[in-house]
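This report concerns one protein chain and its ligand. The sequence and the structure are shown first.

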Amino acid sequence: MRFRKLRSPTSVQWELTPNCNYQCIHCYNHWRTCGTASTHIHYGIVTKQLIQNHIFKVTLTGGEPLLVFSEIKPYIEQMIQAGIRISINTNAALLTQEMAEFFKNNNISLLISLPCCIPEINDKITTVKGSFEATVSGIKLARKNQIPLSVNMVVTKLNKDYVRDTALFLHDELGLNAINVTKASRPIHGSSQFDDYALTLTEFRKVLSDLIFIKKEYSMFVDSLTVYPECSCESLETFQEFTQRKCFAGKTSLAIGYNGDVKACARDSKSYGNLSTKSLQECWESMEDWRIIDIQKLPQECHTCDSCYSCLGGCPIDSCNEIPTKCYRDKSNIPVPYETNFEKPFEYSSQDTFDVIHDLLFFEEDFGMRGVNSLKDSFFVTHSLHSFMIKYPTFSKEDLMNFFEISSEDADETLSYLIENQAIKFI
Ligand SMILES: C[S@@+](CC[C@H](N)C(=O)[O-])C[C@H]1O[C@@H](n2cnc3c(N)ncnc32)[C@H](O)[C@@H]1O
Ligand code: SF4
Ligand code: SF4
C-alpha cells in the first residue's frame, strides 16, 4: 500500500529550541539526554521555506517555544502575513501579558501541557517545584485574554489515577470544557527510568474508560493526541472514540528540528536533510519510506490481522520503540471485534443549492488539486471537480449530478465532503 505523495506537506511542527524550563520525565525529546544547546537554525531560513512551500498550518513547539518568544516574534509576523495559521505547544509557565495580547491579536491558539491537578505530582513529573502554579497561572492568563486553548495531560503511572480529577479541575476551576489525555509514549533513546513509569495495557485501558466517563458525566470534549492500535481497545466506545486518528507523518505532515533537521515526526530522530543545505521540498521528497506501508514491517501479530490496513499497527514510532512487556497490542482481541461507525452522508434534494466559498486557495498536485479553506485546512479534489467549482460558483445538486453523470448518492457524498471541508456552503 502506498500513500500519494503531495507536492508539499499541509502542516508542519517546528521545534524552535531544544531548551526547556521543565524536564518532564516523559518528554519524548530524545536530545534531552544530550544536554541543552543554545544555537538553532536561523529562523528566517525556516520561515522562508514554509512560505515558499505553501504550508498554511504551523505548530511551534520545542523544548519550550516561549523561551524564544522575542526572537521568533518577527518571523511569526511574517508567517501570519503570508496567511499561515499558527498554533503553539507550550507549558505556558512563561506566558506574559504582552505575549498573550500578541497571540490573541494574531489568532494563535495554544496547546498547553498540564500533567496533573495535584501540585506535588505535577511537579514531580516536570521535575520543577512550583511548575503547577506557573502553568495554571499561564492558563488563567490565556483564558483572561480569550486565547483559544486546549490542555494536554500526558499520562504515566505517576498521574494515571488523576485523569478524572484533572478534567474536573479544568472544568470547575479554569472554566474549560475539553481535555486531551495522551498516553506517554516511550521516548526514542528513552531510559529504563521511563520504562518504569510507562502504563501497562490494563492501565492504558482504564485511562481511556476514564475519558469516556468524563465525556458522559462531565459533558466535556475528550481527545487523545496519538495513534493507538485498534486491538488495544476493549470497548466499542473507546474504539470509536480513540482509534480513528491516523498517522500523517510523511504523508501530509513533517517536523523541523531546532537545528533545521527535517524529520517525518517530531518524536522521531531520523533526519531527511537539513534546511541549511537542502530545501524543504527535497527533504519531503526523500521521505518515501513513510508513504509505503509494508505490512511485513509491522509487528508480527499484525501480519495476519484483518484490521491491519485500517490500523497500520498504531503509532509507527511506538510500535518500533515500545517496551516489550508493555505492548499495547492485544492478541486476544484479534480479530478486532468492533466496527467503525461510518456516518451516512446527508441526503440533499436535487434542487438544493450551494455556494463555493470565495476565498479558497488551490494548488496543483500530480493527481488533482489541493484546496485550502479559511481555517487553513487542506482538502483534495480532482481537476474536473475543481474546474466545475470555478465555472459554477453557485450550483445545485442536480447540476453536479448532470455535469459528472453521477448518482444521487455519489453527489451527496461529494457535497458532504465539500461542506465538511468548508469549500462550499448550503444556501
Ligand atoms: C515536547 S512538548 C514541547 C512543547 C511544550 N514544552 C509542552 O510541553 O507543551 C510537545 C507536546 O508533546 C507532549 N509530549 C511530550 N512527551 C510526550 C510523550 N512521551 N508522549 C506523548 N506526548 C508527549 C507534550 O505534552 C506536548 O503536548
Ligand atoms: S515542558 Fe514540554 S519540552 Fe519541556 S520537558 Fe516537558 S514536555 Fe518536554
Ligand atoms: S494486530 Fe496490529 S494491525 Fe491488528 S489491530 Fe492490533 S495493532 Fe492493529
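The model is predicted. Ligand 1 is surrounded by 19 residues, of which Tyr28, Asn89, Ser113, Asn152 and Ser185 are the closest. By residue class, the shell around ligand 1 holds seven nonpolar residues, 11 polar ones and one charged residue.

Helix α1 spans residues 43-52, and Val46, Thr47, Gln49 and Leu50 are buried in it. These four lie on the same side of α1, because they cover an arc of only 165 degrees around the axis. The elements that cover the buried residues of α1 include the strands β1 (11-15), β2 (57-61) and β8 (253-256), together with the helices α2 (69-81) and α10 (280-285). After α1 comes His54, with a positive phi near 55 degrees.

The largest nonpolar core has 83 residues, and Val12, Leu110, Ala142, Met153, Ile179 and Val181 are the ones that touch the most other members. Beyond its neighbours within four places in sequence, Met153 is in contact with Leu114, Pro115, Asn159, Val163, Thr166, Ile179, Asn180 and Val181. Another core lies apart from the largest one; it consists of eight residues, including Tyr348, Phe354, Leu400 and Ile424. In soluble globular proteins, nonpolar side chains tend to be buried together.

Note on methods. Residues numbered from 1 in each chain as written. Chains lettered and ligands numbered in written order. Predicted model: local features only at pLDDT ≥ 70, side-chain atom pairs only at ≥ 80, totals over all residues. Near = placed C-beta within 6 Å. Nonpolar A, V, L, I, M, F, W, Y, C, P; charged D, E, K, R; others polar. Buried ≥ 20, exposed ≤ 12 C-beta atoms within 10 Å, placed from the backbone. Helix = DSSP H or I, 4+ residues; strand = E, 2+ residues; numbered from the N terminus. Arc of directions from axis to C-beta. Contact = placed C-beta atoms within 7 Å. Core = buried A, V, L, I, M, F, W, Y, C linked by C-beta atoms within 7 Å.
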